[in-house]
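Please consult the sequence and the structure while reading.

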Amino acid sequence: MDDIVNSLLFFSLIGSGLVAGMFFAFSNFIMKAFSKVSHSNGLASMQEINKAVLNPWFFLFFLGTAFSSLILMVLYFFTPLVTIWGLIGAALYFFGCFMVTGTRNVPLNNELAKVSAEDKESKVWRHFLKTWTIWNQVRTLASLLAMILFLINLSSSTT
């Protein structure tokens, strides 16, 4: 059981770190760059990214970390190997990253998918740039904090 719990914590540490880095890149420079290029180029590029992100590697770490976080939240009540830090990290990732993505960012992505990149007056793109990025920053922070807390959990359970 110890190996399984430690493996889940380690996977969650790696997964939340990878996801945090990806989201950080979007908030830090990708969305800023998209706002500087022509409306049609920024919108079309984001539409293509939203299609390309649906791939096995992304799903492995994004969904896999959500699943391992859910398991860790349950295991907190059954094993001392999942400390309060692991529980908080798992909750941050699951609710602050995974659930925010599903309830905030994905609906915005779906709305953007319906817009023609040639629609120069689209209010959807301007709204998307601002609102999507705000929610992306929430996901970035939640994933980063989760990664740190998974690391603290792992280091405290090995001492």
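K51 and E48 both lie in helix α2 (residues 39-52), where they stand 3 residues apart, about one turn of the helix. Helices are DSSP runs of H or I with at least four residues, strands are runs of E with at least two, and both are numbered from the N terminus. The model is predicted, so local features need pLDDT of at least 70 and side-chain atom pairs count only at pLDDT 80 or more, whereas totals for chains, interfaces and linings use all residues. Residues are numbered from 1 along each chain as its sequence is written, and side-chain values use heavy atoms, with hydrogens and water left out.

- K51 forms a salt bridge with E48, and the closest N and O atoms are 3.2 Å apart.
- A salt bridge is a side-chain nitrogen of Lys or Arg within 4 Å of a carboxyl oxygen of Asp or Glu; the structure holds 1 salt bridge.
- An α-helix has 3.6 residues a turn, so residues three or four places apart point the same way.
- K51 counts as exposed because its relative accessibility is 54%, while E48, at 45%, counts as partly exposed.
- Buried means under 20% relative accessible area, exposed means over 50%, and partly exposed lies in between (1.4 Å probe, protein chains only).

- The 14 residues of α2 should span 20 Å at 1.5 Å a residue, and the end C-alpha atoms of α2 are 20 Å apart, which agrees.
- The expected span of a helix is 1.5 Å times one less than its number of residues.
- The buried residues of α2 are H39, S40, G42, L43, M46, Q47 and N50.
- These buried residues pack against α1, α4 and α5.

**The loop between α4 and α5**

- V115 lies in the loop between α4 and α5, and V115 counts as buried because its relative accessibility is 13%.
- Leaving aside residues up to four places away in sequence, V115 touches L43, Q47, S122 and V124; contact means heavy atoms within 4.5 Å.
- V115 and W125 are 10 residues apart in sequence, and their C-alpha atoms are 8.4 Å apart in space.

**Nonpolar cores**

- A nonpolar core is a set of buried Ala, Val, Leu, Ile, Met, Phe, Trp, Tyr and Cys residues joined through side-chain atoms within 4.5 Å.
- The largest nonpolar core has 22 residues, and those with the most contacts inside it are F62, L72, Y93 and F150.
- Helices α1 (2-36), α3 (56-75), α4 and α5 each supply at least two residues of this core.
- A second, separate core of 16 residues includes F34, M46, A117 and W132.

**A nonpolar surface patch**

- I84, W85, I88, L141, L144, L145, I148 and I152 make a nonpolar surface patch of about 640 Å².
- Patches are made of residues with over 30% relative accessible area and no salt bridge; like charges are joined within 9 Å, and nonpolar side chains (Val, Leu, Ile, Met, Phe, Trp, Tyr) within 5 Å.
- Accessible areas come from the Shrake-Rupley method with a 1.4 Å probe, and for residues only the protein chains shown count as cover.
- Helix α5 gives the most to the nonpolar patch, with 5 residues.
- W85 is found in helix α4 and counts as partly exposed because its relative accessibility is 40%.

**The chain as a whole**

- The protein chain has 5 helices and 0 strands.
- Buried residues make up 45% of its 159 residues.
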